[in-house]
Amino acid sequence: MTTLAMHDTHAGSPVDTPSIEPQDQPVPGALTQETVISVRHWTDRLFSFRVTRPQSFRFRSGEFVMLGLFNGGKPLLRAYSVASPSWDEELEFFSIKVPDGPLTSRLQHIEPGDKILLGKKPTGTLILDALTPGKTLYMLSTGTGIAPFASLIRDPETYDKFETIVLSHTCREIAELGYGNDLVAAISEDPLIGELVDGRLIHDTAVTREKYGRAGRITSRIESGQFFGDVGQPPFDPARDRVMICGSMAMLKDCAAMCEDFGFREGSNANPGEYVIEKAFAE
Ligand code: A2P
């Protein structure tokens, strides 16, 4: 597994995408305005950024929140999973750049010191409370769907509740694995959770459109059994395993159907189960 070099500048962004209008406008009551602390461009399709966290902002690791910019004098917001853990003093997000996407074509230009809009009420189903107790927790993600899991794998509660955590990330291209690779490398160095994670976090990376060691969609790799061999675990068993899924609509649909075939029941906040799903941000 290689960790790929990032683009430090906006070199990967198309030059003709729309710019950000002045953000010094009255903020509606459901939102706060936060300051961008850092931005990192991973590929010409992906970037991550960190912003200030209001003291009153409480969330459970894995939840999402509305985030955006003033555009045409009005808030333009999309749902974003918080990628940082709930103990972090800052908030981190991982985003796609859609060239003609109303929000991300603009948001990709943010720089430290810029202002963004943040919702006050995080929510979502990719939370530990929506799962019944189990031994092994599988996090299946594609593309930016790794974001809620970036939060959960940095939360000590995940390791209190599960013995083994398998984080699976599938992308089209190798460079898109960079965010997850750096994240997992940083976790093992972290004084707070490095020890907890030791030997209990299995990171599975696969690519579908370039030559790479682990190739193919997560659904195909699970169906063929290849996935279980790669991560050194027995096939899914609803008595022992729990599954969280985050990706595109098509990916969710196929992975959920597969979980149902293995005998897992979908969980929610009100009614915990053996698997939970959430759509990754897309425009
Ligand atoms: P593929 O390259 O075969 O389309 P995207 O950026 O389109 O969301 O894709 C991210 C990753 O998710 C890609 O590797 C893609 O594979 C994979 N993918 C797309 N659709 C599905 C699906 N229905 N089930 C599983 N994986 C999928």
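Both faces of strand β7 are covered: Thr136, Tyr138, Leu140 and Thr142 on one side, and Leu137, Met139 and Ser141 on the other, are all buried. Buried here is a count: 20 or more other C-beta atoms within 10 Å of the residue's own, against 12 or fewer for exposed and partly exposed in between, with C-beta atoms placed from the backbone. Keep in mind that this is a predicted model, where local features need pLDDT of at least 70, side-chain atom pairs count only at pLDDT 80 or more, and totals for chains, interfaces and linings use all residues. Residue numbers start from 1 along each chain as its sequence is written.

- β7 spans residues 136–142, and seven of its seven residues are buried.
- Strands (E, at least two residues) and helices (H or I, at least four) are DSSP runs, numbered from the N terminus.
- In a regular strand, side chains alternate between the two faces of the sheet.
- β7 runs parallel to β8, with seven bridges joining them; pairing takes at least two DSSP bridges between two strands.
- Threonine 136 sits opposite threonine 164 of β8.
- β10 (residues 241–247) also runs parallel to β7, joined by six bridges, and its methionine 244 is the bridge partner of methionine 139.

**Around the ligand**
- The ligand has 15 residues around it, the closest being Thr142, Thr208, Arg217, Ala250 and Met251; the cut-off is a backbone-placed C-beta atom within 6 Å.
- β8 (164–171), α6 (218–224) and α8 (249–261) each put at least two residues into this shell.
- α8 contributes the most, with three.
- By class, the shell has four nonpolar, seven polar and four charged residues.
- Nonpolar means Ala, Val, Leu, Ile, Met, Phe, Trp, Tyr, Cys and Pro, charged means Asp, Glu, Lys and Arg, and the others, Gly among them, are polar.
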